[in-house]
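Keep the viewer open as you read.

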Amino acid sequence: MTYCLLLLSVVALTAAVPVPRVLTRATWPEREPVVALWVWQCLVATVLLCCLTALALGAAAVFGTVRAQLFAPAPPAVTAAYDLSAASPWTAVLTVLLACGAAWTTAMLARELVEARRRRAGARAHLRDRAPDLPAGLPSGRGPLLVLEEEYPDAWWMPGSPPQLIVTTGALQRLTDHQLDAVLTHERGHARARHDWLLHLSAALAAGFPRVPLFAHFCEQTHRLVELSADDTASRRCGHLTTALALIELNQHRGVLSCSSSHRLLGERVDRLLEPPPRLGRRHRALTTAAASLVPLVPLLITFAPGLTALP
């Protein structure tokens, strides 16, 4: 059991510290943002599974009641293979730390979801008040598309059930039909991929564990990659140039081409659309996705290896 906990700790530390730093320096995520988002999710799942399985093993070693419940269906040979009766004092300390970490993670996730729901309800009520009364037959504030009278061109999506697209009259006046289609396709890409859940998860983990490189980079890269992914969705339907022009028109008053850090991502997105980077081949994309999918299985294999070897 000691070796299992040690291996799980090594895997978790490797996935939480050096791997994210290497991944942030790589150039291929810009070409394949969807695959990169999947890789980041697999890394996070690996660390969480390592902590969860280590907590289960540690609790089984420290508390006899947990051990009896956890290994009740298992043959005696499997229980003996884990050698749970020889738990060292550091196992109890590790178990307490992991339990505190699990409780803190749950609290951060719950707080993020509650706050997001509260903000969303307030924003929906505010938008309904601002929505103009449109003639019969046109989309209203209760439909999937909400039109606001606003001088500045803008468009965004409101997560929920169902998701709602919001566009201002300034955007309708400034954008051409094809550019407006690109903007709405971009926002629908966010809604279909449920990017709001990824953003909530990354924000909660980064807020709860700001000193863990994986969670800090996961939050930063998620905000970037979801935009690149939605840009790709729009460019496949409407074209790279149309999507880039729509992005410029929609954000020109914000300084889309400025060098300030707050607008740097907008400039990068425009450059990426005007000069699309070479994409990975279908085979390399499939291999990368498959390899990332296997990474979360590592802590499970480490956890179940003693029990599997003990079976006749």
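Predicted model: local features only at pLDDT ≥ 70, side-chain atom pairs only at ≥ 80, totals over all residues.

What does Glu32 do with its side chain? For one thing, Glu32 and Arg285 meet in a salt bridge, at 3.2 Å from N to O. Arg285 sits in helix α14, while Glu32 is in the loop between α3 and α4, so this pair ties together parts of the chain that are 253 residues apart in sequence. Arg285 itself counts as partly exposed, because its relative accessibility is 25%; for that label the value has to fall between 20% and 50%.

With a relative accessibility of 44%, Arg279 counts as partly exposed.

Now step along to Asp232, which forms a salt bridge with Arg272, the closest N and O atoms being 2.9 Å apart. Asp232 is in helix α11 (residues 213–238) and Arg272 is in helix α13, so the two tie together parts 40 residues apart in sequence. Asp232 and Arg272 are both buried. Over the whole protein, the count of salt bridges comes to twelve.

In α13, the buried residues are Leu266, Gly267, Arg269, Val270, Arg272 and Leu273. What do the buried residues of α13 pack against? Their packing partners are α3, α4, α9, α11 and α12 (240–251).

Is Thr185 buried or exposed? Its relative accessibility is 5%, so Thr185 counts as buried. The side chain of Thr185 reaches the backbone oxygen of Asp181 at 2.6 Å. If you set aside the neighbours within four places in sequence, Thr185 is in contact with Thr233, Ala234, Arg237 and Cys238.

An unreviewed UniProt entry gives the annotation "domain: Peptidase M48" for residues 148–197. In the model, that span is 52% helix and 20% strand, with its end C-alpha atoms 26 Å apart.

The unreviewed UniProt entry also carries the annotation "transmembrane region", covering residues 35–63, 92–110 and 286–308. How do the spans look in the model? Residues 35–63 are 97% helix and 0% strand, and their end C-alpha atoms lie 41 Å apart. Residues 92–110 are 100% helix and 0% strand, with 27 Å between the end C-alpha atoms.

Val62, Phe63, Val66 and Leu70 form a nonpolar patch, and together they have about 320 Å² of accessible area. Val66 is found in helix α5, residues 64–70. Its relative accessibility of 32% is why Val66 counts as partly exposed. That value also clears the patch criterion, because patch members need over 30% relative accessible area.

Finally, zoom out. The protein has 15 helices and three strands. Its C-alpha trace spans about 75 × 45 × 35 Å along the principal axes. Of its 312 residues, 39% count as buried. The accessible surface comes to about 17,100 Å², and carbon and sulfur atoms account for 63% of that. Among contacts between residues at least 6 apart in sequence, 67% join residues at least 24 apart. The bridge from Arg285 to Glu32, whose parts are 253 residues apart in sequence, is one that you have already seen.

Conventions
Residues numbered from 1 in each chain as written. Heavy atoms only, no water. Patch = residues over 30% accessible without salt bridge, like charges linked within 9 Å, V, L, I, M, F, W, Y side chains within 5 Å. Areas by Shrake-Rupley, 256 points an atom, 1.4 Å probe, with all protein chains shown as cover. Salt bridge = Lys/Arg side-chain N within 4 Å of Asp/Glu carboxyl O. Helix = DSSP H or I, 4+ residues; strand = E, 2+ residues; numbered from the N terminus. Buried < 20%, exposed > 50% of the residue type's maximum accessible area, 1.4 Å probe, protein only. Polar contact = N/O pair within 3.5 Å; in protein donor to acceptor, adjacent residues only side chain to side chain. Contact = heavy atoms within 4.5 Å. UniProt positions renumbered as here; feature names shortened; annotations may be inferred.
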